[in-house]
Amino acid sequence: MLQTNRRAFLAMATTAALLSTSAAGTALAADINLTLMIWDPAQKAGVQMAVDAFEAAHPNIAVSLEQVPQDQYYVKLDASLGAGEGPDVMWQSSKASYYVDGGALEPLDAYMAKDGLSLAGYKKVIADLYSLGGHQYGIPKDFDAWTFVYNASLLKDLGIAAPSANWTWEDMVRIAGEVKEKRTSSAVVPLYYNYSFNNGVASLVHALGSSVIADGQGRMSSPEGIQALGMIKALQDSGLILKVADSTDFNPVNALLSGKLALAEIPSWNLSLLSKSDAPAGTFGVVHLPAVNGSWANDTNGLSYVMNVNSRHKEESWELIKFLTSDAGAALHAQGGAALPANTAPEARAAFVATNGKLAGLEAALDAASAQSYLRTTTAHPKVLSAMPQISSAVMGEFYSDALSASDAAQRIDALLNGALR
């Protein structure tokens, strides 16, 4: 869509530039209404908390926060931007480059220079994602970290020791096996491990010392790629995780909360769902991903706040972005249950840890995740986004159902990745 409408976007951008004043030096207008679009309902309260503080500090500006379901977010965004409309400020992800190519986003360099905003206070790996074509288009909002959450109460009831802070893949398999053996009901699931290609499999490939893509080519046919596929499938075949074909509607957070799941890989943006529950402190513990050959790998990405090039209130939109991503704004996001801030101010990190204080071991697990992280495959190589649906449905589905060997699946994945990379 965006490539197709690039001319339209550019034409609208030119018109908007002629009609509007320059970014710097414009007096704020009174009684301005801004729109802000996000997709995650779990984070809406945190965003709203920061928006409320912004409105209190800017009584002439009102912000309408719209949360659109993730599977509809880009459809709705594309339709509105293509019509020269859309929200003033919005979330963006690894798809940002497509919107920049389409001329849909406002460069923020002039605003940053005017206010002396430096990106040194943000995770560099995330800030760099939104530096495109020599311009900065987004100010980082969050930083993804994957953790492992265990139900300490359930493990204690079964007489099983909780994972240690330096646990390994072998420890994970052993503990899940003990849960399977000692559980009092078959409804209790020992383990949820992210079996998706882009997250679970790829992270394991990196932990084994390789990568999914290198030198512009798919590398899943490497020994590490084939081993990673086999390790996750072995979890399924031994009954430690649910069969992948039966997992479509399985929600690991809800299963943990209901006491029907012992161990689960949970992303940082969902941790507040556990900490906000009625479960007493100490019910859940958090550790880093299990080490394989002494290391683990955390695939990361991060959202940013960006501005619509056609916003009629660019100066006010910038004020909103600047506040939402500030030290205070990031801390308010965290206090309201939003994701781990990309803002590196101590108060922002402390707010996230304090808000999720019921999760024992969280801070150490986050430190470990940050220490061994890599850019998600689709973030580092946006071209392969188009290959992911076919990899998930055709290749991984057949692999987990025994219709493909690990080596054959790896070869087909490489072919799809290489086709997308060309």
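Tutor: Before we start, axes here are lines fitted to C-alpha atoms, for helices over the stretch in contact, and angles run from 0 to 180 degrees between N-to-C directions. This is a predicted model, where local features need pLDDT of at least 70, side-chain atom pairs count only at pLDDT 80 or more, and totals for chains, interfaces and linings use all residues. Residues are numbered from 1 along each chain as its sequence is written, and side-chain values use heavy atoms, with hydrogens and water left out.

Student: OK, at what angle do helix 10 and helix 18 pack?

Tutor: About 55°, with the axes of helix 10 (residues 223-237) and helix 18 (residues 388-400) 10 Å apart. Helices are DSSP runs of H or I, at least four residues, and strands are E runs of at least two, numbered from the N terminus.

Student: Which residues meet there?

Tutor: Leu229, Gly230, Ile232, Lys233 and Gln236 from helix 10 meet Met396, Phe399 and Tyr400 from helix 18, contact being heavy atoms within 4.5 Å.

Student: Switching to rings: how many aromatic pairs are there?

Tutor: The count is 15. Rings of Phe, Tyr and Trp (its six-membered ring) pair if their centres lie within 6.5 Å; planes under 30 degrees apart are stacked, over 60 edge-to-face, the rest tilted. Trp39 and Trp91 are edge-to-face because their planes sit at 85°, with centres 5.3 Å apart.

Student: Which residues form the cluster?

Tutor: Trp39, Tyr73, Tyr74, Trp91 and Tyr99 form one aromatic cluster.
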